[in-house]
Amino acid sequence: MTKPSLPELLHAAVAAVGGTERPGQVSMAETVAEAIDDGSHLLVQAGTGTGKSLGYLVPALAHGERVVIATATLALQRQLVERDLPRTVDALHPLLRRRPQFAMLKGRSNYLCLHRLHEGMPQDEEEGLFDQFEAAAPTSKLGQDLLRMRDWADETETGDRDDLTPGVSDRAWSQVSVSSRECLGASKCAYGAECFAEAARERAKLSEVVVTNHALLAIDAIEGAPVLPQHEVLIVDEAHELVSRVTGVATGELTPGQVNRAVRRAAKLVNEKAADQLQTASEGFERLMELALPGRLEEIPEDLGYALMALRDAARTVISALGSTRDKSVQDEDAVRKQALASVESIHDVAERITNGSEYDVVWYERHDRYGASLRVAPMSVSGLLREKLFADRSVVLTSATLKLGGDFNGVGASLGLAPEGTESDDAPVWKGLDVGSPFDYGKQGILYVAKHLARPGREGTRSDMLDELAELIEAAGGRTLGLFSSMRAAQGAAEELRGRLDMPILLQGEETLGELIKGFAADSKTCLFGTLSLWQGVDVPGTSCQLVIMDKIPFPRPDDPLMSARQKAVDDAGGNGFMAVAATHAALLMAQGAGRLVRASGDRGVVAVLDPRLATARYGSYLRASLPDFWYTTDRNQARRSLAAIDAAAKAAEATEA
């Protein structure tokens, strides 16, 4: 039998999901197939509506080797596993004459731990050991959640936190889950044979397609102990998020609370001398942290250096002693020891990392009103790590609606450890970039309006002219507005001000769950929704509910952001342009994602309004504009208002006809 062609397979898959074949999707599928066949790497920008999931799923399934797909958001993981993969596998089965298996795999703490559920959580010293179900009053929210999870454990097949609806708080979930460091291991655990996390791993080993998240991909790359099964192809969707997710996994933190917990957990399991040493080191660290001021530590102060060395050495002593001392009063000793060891090892590793003082790390203090001070350490860059760990021994396809910044892929490529496209050298992974465009006619469907007449945003103070402009634009649009702000404070200030001025509902991020807010926004065309740019990348509201997307200002990193400013300085010191490589790239990605909320379907019309004149007047403005969809561009405020009023009138007429 002849092997089915890629166009035949794609046609069958698109028909199965009730979609329409797009030229961009065909082009993407063909190029992905080529990259997989010759073991090369590919960056694909595929605009909203291209159908990019099928653009990589079909060639990956046709290839027949194991593929890992890593995504940033839970929504896309679910879409792949619950909708796209089942339909695609069913559609390709008659043509491929095989039915590829697929599975979802997450980090261990995402799965219910039966040992912790049934044996109770090893508690800290002053609380003693107790059954968390007895201790949490059944009438409390925590108690109710725990009882609900006990019932759920008997009926769930996956034990996956995301399958529990309604969900529970992080605090409740922590009572019934363990990190990989706290896990006893299947062979030592009384519940090993029924373990949900182990079952998920086994399913992944037997599957041709494994869907995971960026964080687990990062852990797999960084920690050296393989979590993901061997695979020949890696597809990274929502790839614009990868660098920040990998940075998050590679970031270490020390807080007084965390150190105190480790002291309490270890106290019963080691000799008095070792326990006292860790207690003394903990107290010294806590005293220093009370005086800590937020900001980067370019050099480790002498007193902090001593405190960290004391913590490191005491933690090492405790780790050695944990293996030999036994306290007969401790129940479920293995679990208690494992939890104590995980806490102490974490402190040892971070204290040692900061003490060793790598030039490739950035160290800083942070202070939260609620949680107090923390000491953090993160890699200056993850590009070297990604180049070495991501692109070796497999073909990698990275895709997103926003990978091409300022007109090319080199900015995002550099952040991933890739040399400029076309560079040939022994240690540089070979890659190419492909922009398959979008099925939407951005020039006819959308307007980019820059409020050039406004004053430049300052660092402090309210922008009364910006708020006036915002109110007028929303009125012209008849509501229908997604407001994306550079900070939570700015979003709250604007919501407070405009709720007093406008006769239309304004929803605010944080006042409800994300799902409820989006539902409320989509249900009523007069409703507006305000929040921060970084948290609204997944909002998908096609139709007339979202016809105006507003950005209050260009979202450059804050000047006092220790990691971003350190990265910027490092590029400057190496002779590059740190501002463009770090700050402008960061802003371009966020703005491209934000502007992408406007046009989600072929009938959508609207305006993206940027209330920051620098987008029109500054030298870097053209780079940022080139990173946005190709909307019709204007700085004429009257034109923007007329267009919004016309779009609103057309939407009202359509709504009246439907009613």
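This briefing walks through strands, helices and ring contacts in the structure above. The model is predicted, so to speak of local features a pLDDT of at least 70 is needed, side-chain atom pairs count only at pLDDT 80 or more, and totals for chains, interfaces and linings use all residues. Residues are numbered from 1 along each chain as its sequence is written, and side-chain values use heavy atoms, with hydrogens and water left out. Helices (H or I, at least four residues) and strands (E, at least two) are DSSP runs, numbered from the N terminus.

**The seven-stranded sheet**

- An open sheet of seven strands runs in the order β14-β15-β13-β16-β17-β12-β18, with parallel pairing; two strands pair if DSSP finds at least two bridges between them.
- At the edges sit β14 (506-508) and β18 (632-634), each of which pairs on one side only.
- On average, neighbouring strands of this sheet are turned by 20° against each other, direction ignored; axes are lines fitted to C-alpha atoms, for helices over the stretch in contact, and angles run from 0 to 180 degrees between N-to-C directions.
- Helix α20 (residues 488-501) packs on the sheet and touches β13 (481-485), β14 and β15 (528-532), its direction making about 155° with that of β14; contact means heavy atoms within 4.5 Å.
- Helix α21 (residues 514-523) also lies across β13, β14 and β15, and runs at about 165° to β14.

- Strand β12 is mostly covered, with five of its five residues buried; buried means under 20% relative accessible area, exposed over 50%, and partly exposed in between (1.4 Å probe, protein chains only).
- Both faces of β12 are covered: G446, L448 and V450 lie on one side, I447 and Y449 on the other, and all are buried.
- Towards β17 (residues 606-610), β12 pairs in the parallel sense over five bridges, and I447 has V607 as its bridge partner there.
- Towards β18, β12 (residues 446-450) pairs in the parallel sense over three bridges.
- In β18, Y633 is the bridge partner of L448, while T634 stands opposite Y449.

- Strand β1 (residues 41-45) runs parallel to β10 and is joined to it by four bridges, with L42 opposite V397.
- Strand β5 (residues 233-236) is likewise parallel to β10 and joined by four bridges; here V233 stands opposite S395.

**Helix packing**

- Helix α22 (residues 562-573) and helix α23 (residues 578-595) pack at an angle of about 145°, with their axes 7 Å apart.
- M564, R567, Q568, V571 and D572 of α22 make this contact with G578, F579, A581, V582, A583 and H586 of α23.
- By class, the contact of α22 with α23 has six nonpolar, three polar and two charged residues; Ala, Val, Leu, Ile, Met, Phe, Trp, Tyr, Cys and Pro count as nonpolar, Asp, Glu, Lys and Arg as charged, and the others, Gly among them, as polar.
- In helix α1 (residues 6-16), the buried residues are L6, L9, L10, A12, A13 and V14, and their cover includes α2 (23-38), α3 (52-63) and α4 (74-96).

**Rings and a charge**

- Searching the whole structure gives seven aromatic pairs; rings of Phe, Tyr and Trp (its six-membered ring) pair if their centres lie within 6.5 Å, with planes under 30 degrees apart counted as stacked, over 60 as edge-to-face and the rest as tilted.
- F440 and Y442 form an edge-to-face pair, 6.2 Å centre to centre with 80° between the planes, and both F440 and Y442 are buried.
- Ring pairs link F440, Y442 and F631 into a cluster.
- The charged end of R625 sits over the ring of Y633, 4.9 Å from its centre; the cut-offs are NZ of Lys or CZ of Arg within 6 Å of the ring centre and within 35 degrees of the ring normal.

**Two glycines to look at**

- G510 lies in the loop between β14 and α21 and is exposed, with a relative accessible area of 70%.
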